[in-house]
Amino acid sequence: MAFIKEGRFLVRSRIEDLDESGLATDAEEIKSESVGFLRAAEDEMLLTYTEGEGEAKVFSQIAVRGETVTVNRRGANESSIVLEVGKKHASIYKVPPYSFDMEVEAKRIRNGMSLKGGRLDLFYLMTVGGQARKVRLTVDFEPNK
């Protein structure tokens, strides 16, 4: 049986560009708040929320199944990544009308998410269009009372 909770999401990402030796050269931090839903079933947790407005709007869906996390984004930018610690996943990152090759490799996944609220931390390496980056994506959920 699945249960669904509506609530507030706080999404933070820190993306660091890496040089050829793997050292951080630049960092970008993004923070957004939105309303969305958390659906919890026996074998899966699904987080859905929307960020931005107008033409900058992005619809995000994060699925957590065991040790695997899938992040799908559609709208102003589009991507689909699969994160499993120690495994690489190749896909395409789109910022219409442009597309870039993308590869991700999860380094650590911490899932403290539940219908009562919590946090999902994703740490991964990402290469987009040849640029290596280190990413920390944090999603906090607080259900409506």
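Q: What share of the 145 residues in the protein chain counts as buried?
A: The share is 37%. Buried means under 20% relative accessible area (exposed is over 50%, partly exposed in between; 1.4 Å probe, protein chains only). The model is predicted: local features need pLDDT of at least 70, side-chain atom pairs count only at pLDDT 80 or more, and totals for chains, interfaces and linings use all residues. Numbering starts from 1 along each chain as its sequence is written, and side-chain values use heavy atoms, leaving out hydrogens and water.

Q: What is the average pLDDT of the protein chain?
A: The average is 94, and 100% of the residues score at least 70. pLDDT is the predictor's confidence in each residue, from 0 to 100.

Q: Why does the radius of gyration of the protein chain agree with a compact globule?
A: With 145 residues, such a globule would come out near 15 Å; the chain has 15 Å, so the two agree. The radius is taken over C-alpha atoms, and the rule is 2.2 Å times the number of residues to the power 0.38. The C-alpha trace spans about 45 × 35 × 25 Å along its principal axes.

Q: How many helices and strands does the protein chain have?
A: There are 0 helices and 10 strands. Both are DSSP runs, numbered from the N terminus (helices H or I, at least four residues; strands E, at least two).

Q: What makes E1 and E2 a pair?
A: Strands pair if DSSP finds at least two bridges between them. E1 and E2 have 16, in the antiparallel sense, so they qualify. Asp17 stands opposite Asp26 in E2. The hairpin has 5 residues between the strands, and there Gly22 takes a positive phi near 90°.

Q: How do you know that E2 and E3 pair?
A: DSSP gives them 5 bridges, again antiparallel. Leu38 has Leu47 in E3 as its bridge partner. These strands form a hairpin with 4 residues between them.

Q: What joins Pro96 and Pro97?
A: A cis peptide bond, with omega about 15°. Pro97 sits in the loop between strand E7 (88-95) and strand E8 (98-111). Most peptide bonds are trans.

Q: Which residues of the lining of the largest pocket are nonpolar, polar or charged, by number?
A: The lining divides into 16 nonpolar, 5 polar and 5 charged. E1 gives the most, with 4 residues. Ala, Val, Leu, Ile, Met, Phe, Trp, Tyr, Cys and Pro count as nonpolar; Asp, Glu, Lys and Arg as charged; the others, Gly among them, as polar.
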